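Open the model in your viewer and keep the selection panel at hand. The stops below go from one chain to its contacts with a neighbour, and then to a ligand.

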Amino acid sequence: MSEENQVEEQPKPLILQKLEANHADALLAHDETRGTVVVVVRKEQAYAVLEYLKTDPELAYTFLVDVTAVDNSQMESELMQFDYARFMVVYQLYSYQGQCRARVKVPVHESDLNIPSVTSLWQGANWLERETYDMFGINFEGHPDLRRILMPDDFEGHPLRKDYPLRGRGERERFNFDKQNV
Amino acid sequence: MQGGLERATGEKMVLNFGPQHPATHGTLRIVLELDGESVLKATPHAGYLHTGFEKLGEHLDYNQYIVVTDRMNYLSPLSNNFGYVLAVEQLLGIEVTKRCQYIRILMAELSRLADHLLWLGTAALDLGAFSVFLYSFREREKLYSIFEKTTGARLTTSYTRVGGVFRDLYDGCEEDVRQFVTNFPKALKETHTLLTKNRIWMDRTKGVGAISADDAISYGLTGPCLRATGVAHDIRKAEPYSSYDEVTFDVPVGTNGDAYDRYLVRMEEMIQSCGIVTQVLDNMPDGSVNLEDNKITMPDKSDAYGHIEGLIHHFKIVMDGHGVQPPIGEHYCATESPNGELGFYIVSDGSGTAYRIRIRPPSFLHFQALPHMLEGGMVSDTVAVLGSLNVIAGELDR
Amino acid sequence: MGLDFVGQGAGETDGNIITTTIDKVVNWGRKNSLWPMPFGTACCAIEMMATLASKFDLSRFGSEAIRFSPRQSDLLIVSGRISIKMMPVLKRIYDQMPDPKWVISMGACASCGGVFDTYTLIQGVDQFIPVDVYIPGCPPRPEDLIDGVLQVQQKIASGASPKGVEAVYE
Ligand code: SF4
């Protein structure tokens with residue numbers, strides 16, 4: 001009896017209520033850890049969900065804290081959960097109005113590395129997406145200037161993928177000083 | 001390279017600024033397209049100091065990685081140590097002792113002072129005020145000696161540990177710190193007299209590199225750069241971590257979001273930090289600094305040498321594949337570093353090393369916003385704006 | 001210094017004439033007026049700044065005339081991590097310096113990669129440019145950097161060629 005009451009006393013976070021009402025078909029999973037709501041959404045609706053989170057006046061997640069990705073190829077539990085999608089693109093959001101955080105995760109299959117860019121929503125997304133492209137090879141569609149940012153332009157491979165060795169593939173010993181544009 | 005050149009009347013000139021330039025403090029590079037003296041287009045380039053911190057995080061165990069966090073933001077290593085272990089501790093679901101929390105606040109605030117001092121010195125140096133550089137280094141050296149006595153190193157401190165700190169404060173630390181914070185406001189006043197109402201300084205920073213609050217949020221600016229635009233947001237207040245709710249301090253804000261406001265905000269933050277330090281010293285709790293949990297913190301040295309249990313615990317923590325092992329899960333933890341929101345996103349697969357460590361660096365987003373602040377301005381403003389942002393290459397490129 | 005006094009006890013010129021070689025005089029001048037080019041990239045650069053600032057004051061040893069242009073300097077201090085993107089820049093800066101030139105590799109990263117054995121970091125700049133003096137430490141203390149500069153001075157005084165020159169003649 002008392003246990004049931006306790007469960008009821010915990011209200012569902014506003015963001016989940018609203019997402020379930022408006023974007024229920026986009027949600028793959030959701031969770032709440034340490035005060036942060038985590039939602040996993042379908043790639044097709046990712047842009048719509050992020051736009052909704054930003055523009056809805058009650059939620060107002062106006063601050064895009066971070067964009068990154070995780071290569072789940074060596075994490076069996078995560079892989080199985082989301083239909084063997086190798087990559088998980090992660091957006092961290094913050095709402096100045098509600099002073100709360102949210103995390104949006106989007107599974108991306110290796111066979112189709114395209115995902116819509118959110119640069120039109122947040123100007124700050126530009127470099128964050130470029131870095132994710134550089135490190136993981138995720139292709140952000142609609143990005144104005146998708147180039148490598150941390151690695152040299154002629155670098156091959158994506159260093160933060162799990163199959164890329166820590167010590168590299170000999171790039172740090174092989175050099176062609178003439179070719180590189182200083 | 002084409003486009004947006006309607007204003008160009010004469011010939012357009014491309015100026016390469018960096019990566020090795022005295023005002024870039026390291027390895028930043030900006031390509032400027034100029035029409036005479038005015039900047040048409042600025043393109044910042046990053047990556048000249050890319051070190052592979054995130055990849056390294058997948059190969060070192062949780063305590064080893066603390067060493068790496070020092071070298072990321074070398075202006076305030078202690079804040080980085082702090083932010084990282086906090087993320088790991090929250091992932092583990094543990095809370096350190098009260099005394100440890102206070103010591104960490106103390107060190108984080110002192111390193112905020114150290115960061116702002118170095119920023120002040122170099123930003124002033126770039127605009128030709130050499131004396132300020134010498135003055136601020138004089139103060140920074142005093143902090144260095146406090147850090148050295150506490151942590152054993154001047155710069156690369158590696159002071160925190162998961163579940164505690166490397167060691168308690170040394171005898172006489174309180175007097176040293178108190179002496180420093182009493183004298184510091186006077187020293188800062190010297191700088192105020194040199195700069196704050198200085199005609200040259202005001203002309204070169206007022207109205208230069210301004211950004212509005214909305215743009216600042218859209219670009220993801222945090223810390224002093226955001227507060228200079230008038231947004232009173234400070235993670236220490238909004239999401240108090242590690243007993244920050246037990247100290248009182250003000251969050252200084254600016255109005256115009258220009259280089260001058262960023263300067264004023266940082267100057268005031270230093271005074272506030274001194275206040276926090278004094279409060280922390282006044283209320284410093286007694287007790288142990290490390291958690292009494294042998295699965296997480298190292299046993300006392302005498303215990304490790306004198307008892308078999310101690311030896312086993314010690315061994316288990318340092319052994320590869322044992323040590324601190326957070327449960328499977330992920331966590332993002334943000335702290336207010338001197339430069340802004342420093343976040344660590346850690347994914348754990350239950351083993352002794354992280355599956356993925358992502359560092360959310362404030363400088364990365366600040367540097368990205370640079371063209372917005374430069375375009376339309378004069379080429380000589382570039383140095384002033386870059387100086388006011390305090391972009392730290394190690395953190396920018398990781 | 002290798003200065004020889006001549007004319008001991010021989011009237012007017014008593015002890016007032018010294019003989020030496022041009023080389024020695026030139027080296028003496030070079031040694032005491034090194035113009036460093038600080039190639040500071042990371043944490044070590046902060047310690048380099050501390051060395052130049054008030055407390056440690058490198059100018060006591062005649063090396064305070066910091067030049068940010070490689071064409072005006074004869075001592076390159078590489079302090080900090082060098083990534084594969086930065087190495088061509090460093091190489092070019094080294095090439096732009098006029099001979100004779102000396103190189104100090106300050107800190108573990110510049111000398112051997114330090115704690116960062118990763119895909120992007122050069123494991124020692126001496127693979128690509130000749131280094132005269134290595135300073136260990138992470139970061140080296142300001143005293144260590146001063147010692148490194150003194151070592152370069154000693155090397156110049158002894159008349160030894162810089163590493164870069166040796167490499168050309170080998
Ligand atoms: S040697 Fe140490 S202090 Fe110097 S750049 Fe490398 S990591 Fe930083």
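This is a predicted model. Begin where two chains meet: select chains B and C, where 28 residues of chain C are in contact with 27 residues of chain B. On the chain C side, colour β3 (36–40), α2 (43–52) and α3 (87–96), each of which supplies at least two residues to the side that touches chain B. The most comes from α2(C), with five residues. If you colour this side of chain C by class, it divides into 17 nonpolar, six polar and five charged residues.

Chain C has six helices and six strands. Followed from the N terminus, its elements run β-β-α-β-α-β-α-β-α-β-α-α. Chain C has 170 residues, of which 46% count as buried. Among contacts in chain C with a separation of 6 or more, 75% are between residues 24 or more positions apart.

Now bring chain B back and select the ligand. Which residues are the closest to the ligand? They are C:Cys43, C:Cys44, C:Gly107, C:Cys109 and C:Cys138, in a surrounding set of 13 residues. The site is shared between chains, because residues from chains B and C surround the ligand.

Last, pick out the elements of chain C at this site. Both α2 and α4 (107–112) of chain C supply at least two residues of the shell around the ligand, and α4(C) gives the most, with three residues. Coloured by class, the shell has seven nonpolar, four polar and two charged residues.

Definitions and conventions:
Residues are numbered from 1 along each chain as its sequence is written. Chains are lettered from A and ligands numbered from 1 in the order in which they are written. This is a predicted model: local features need pLDDT of at least 70, side-chain atom pairs count only at pLDDT 80 or more; totals for chains, interfaces and linings use all residues. Two residues are in contact if their C-beta atoms, placed from the backbone, lie within 7 Å. Helices (H or I, at least four residues) and strands (E, at least two) are DSSP runs, numbered from the N terminus. Ala, Val, Leu, Ile, Met, Phe, Trp, Tyr, Cys and Pro count as nonpolar, Asp, Glu, Lys and Arg as charged, and the others, Gly among them, as polar. A residue is buried if 20 or more other C-beta atoms lie within 10 Å of its own, exposed if 12 or fewer, and partly exposed in between; C-beta atoms are placed from the backbone. A residue is near a molecule or strand if its C-beta atom, placed from the backbone, lies within 6 Å of it.
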